[in-house]
Amino acid sequence: MFKGMKRITVNWHLEKDCNYKCKFCYAHFSHINTNLNIDQGFALIDEIKNNDIYKINFAGGEPLLNKNVGEFIKYSNQQGLKTSIITNGSRMTKKWLTNYGRYLDQIGISCDSIDNITNTKIGRGFGNHVEITERLLTRINSINVNNGLNIQTKLNTVILRNNHTDDWNDFIIRNNVNRWKVFKILRIVGENDHVYDGLSISDKQFYNFIDRHRFLNDKGILIKEDNEDMNNSYIMITPDGKFYQNSNNQYIYSESILDIGFKNAIKQTGFNYETYEKRGGDYGL
């Protein structure tokens with residue numbers, strides 16, 4: 001379906017549950033009652049593989065709360081897909097990394113402040129999330145060296161009123177972060193619009209944050225995403241196997257991919273390849 005285009009990523013939010021309570025969260029999936037089971041998940045991965053997709057990214061909720069996530073990653077890798085995961089890091093143990101790290105091309109960690117008090121105020125953990133993040137980055141760097149792997153490290157940070165004055169330069173360099181996605185807080189109707197006004201920042205505040213990290217920006221480590229960059233530029237799948245898309249600050253949903261097929265379902269939500277490419281979504285691993 002995407003032949004002639006560059007590297008396309010599908011983001012499968014395979015798990016709605018999360019052990020954190022981030023106030024700005026965009027992905028509560030409150031209307032969804034069930035996840036795909038393991039056989040349905042394998043069938044979904046087959047659909048993804050058969051439609052010229054480059055990479056599958058496993059997200060949530062917290063994806064490591066899903067008992068099948070490791071097997072989904074392994075199966076995706078065996079089908080020739082590039083694989084990545086976005087996690088808060090609290091449940092990614094040494095044992096899990098030993099079992100499934102070899103099937104991953106990238107591990108992303110969500111962390112919004114280098115100050116634990118700030119993280120706690122916005123619901124990102126329970127007072128030790130900076131240490132959890134740094135511990136996982138250290139584990140990834142170690143398993144790469146000790147096991148001959150090349151798992152790329154990524155950090156996701158949402159910029160809002162509580163953290164826009166942070167300085168991450170030393171943290172990013174010290175922990176050998178390969179890619180840092182910096183998002184301006186996004187308002188989504190029905191997800192976080194009830195708290196958005198109390199957390200939002202101006203364009204000037206957002207770009208002051210970017211300028212403070214211009215060294216990382218110039219090195220290609222920092223990748224910024226303003227609100228317009230996130231409009232119709234992601235291919236996202238719900239825990240129950242439907243495409244969904246941010247269109248003008250609200251989500252639209254397709255019918256089930258397994259019921260009507262990948263091509264028919266994606267036409268129901270829309271996807272703007274030009275915006276995807278502009279925001280740097282087509283990078284390689």
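Predicted model: local features only at pLDDT ≥ 70, side-chain atom pairs only at ≥ 80, totals over all residues.
**Entry 1: salt bridges**

I started with a network: E134, D170 and R174 are linked by salt bridges. My cut-off for a salt bridge is a side-chain nitrogen of Lys or Arg within 4 Å of a carboxyl oxygen of Asp or Glu. Residues are numbered from 1 along each chain as its sequence is written, and side-chain values use heavy atoms, with hydrogens and water left out.

I searched the whole structure and got 10 salt bridges. One of them joins D105 to K82, with the closest N and O atoms 3.9 Å apart. This pair links distant parts of the chain, 23 residues apart: D105 is in the loop between α3 (94–100) and β4 (106–110), and K82 is in strand β3 (residues 82–87). Helices (H or I, at least four residues) and strands (E, at least two) are DSSP runs, numbered from the N terminus. D105 counts as buried at 18% relative accessibility, and K82 is partly exposed at 26%. For burial I use under 20% relative accessible area as buried, over 50% as exposed and anything in between as partly exposed (1.4 Å probe, protein chains only).

Next I looked at D203 and K184, whose side chains meet in a salt bridge at 2.5 Å, N to O. D203 sits in helix α8 (residues 203–212) and K184 in strand β6 (residues 179–184), so the pair ties together parts 19 residues apart in sequence. K184 is buried at 7%, whereas D203 is partly exposed at 45%.

I also noted K242 with D240, where the closest N and O atoms are 3.9 Å apart. K242 is partly exposed, at 30% relative accessibility.

**Entry 2: helix α5**

Which residues of α5 are buried? I listed H129, V130, I132, T133, L136, L137, I140, I143 and N144. What covers them includes β3, α3, β4, α4 (116–121), β5 (152–159) and α6 (169–174).

At 1.5 Å a residue, the 19 residues of α5 should span 27 Å, and the end C-alpha atoms are 26 Å apart, which agrees. The expected span is 1.5 Å times one less than the number of residues. Just after α5, G148 takes a positive phi of about 65°.

**Entry 3: nonpolar cores**

The largest nonpolar core has 58 residues, and W12 and W180 have the most contacts inside it. Helix α5 (residues 129–147) gives the most to this core, with 5 residues. A core here is a set of buried Ala, Val, Leu, Ile, Met, Phe, Trp, Tyr and Cys residues joined through side-chain atoms within 4.5 Å. I found a second, separate core of 22 residues that includes A27, I32, L186 and L199.

I then listed what W180 touches, not counting residues up to four places away in sequence; among them are L155, T157, W168, F209 and I223. Contact means heavy atoms within 4.5 Å. T157 lies in strand β5 and is buried at 0%.

**Entry 4: aromatic pairs**

My search gave 20 aromatic pairs. In one, the ring centres of F42 and F72 are 5.7 Å apart and the planes are at 90°, so I put it down as edge-to-face. F42 is in helix α1 (residues 38–49) and F72 in helix α2, 30 residues apart. F72 is buried at 0%, while F42 is partly exposed at 22%.

Y244 and Y253 are stacked: 5.8 Å centre to centre, with 20° between the planes. Y244 is buried at 1%; Y253 is partly exposed at 30%. My rule takes rings of Phe, Tyr and Trp (its six-membered ring) with centres within 6.5 Å, and calls planes under 30 degrees apart stacked, over 60 edge-to-face and the rest tilted. Ring pairs also link F2, F243, F262, F271, Y273 and Y276 into a cluster.

**Entry 5: cysteines**

How many disulfides are there? I count 0, taking a disulfide as a pair of cysteine sulfur atoms within 2.5 Å. The sulfur of C18 is 6.3 Å from the closest cysteine sulfur, in C22, which is too far for a bond. C25 is in no disulfide either, with the nearest cysteine sulfur, that of C22, 6.6 Å away. C18 is partly exposed at 31%, and C25 is partly exposed at 22%.
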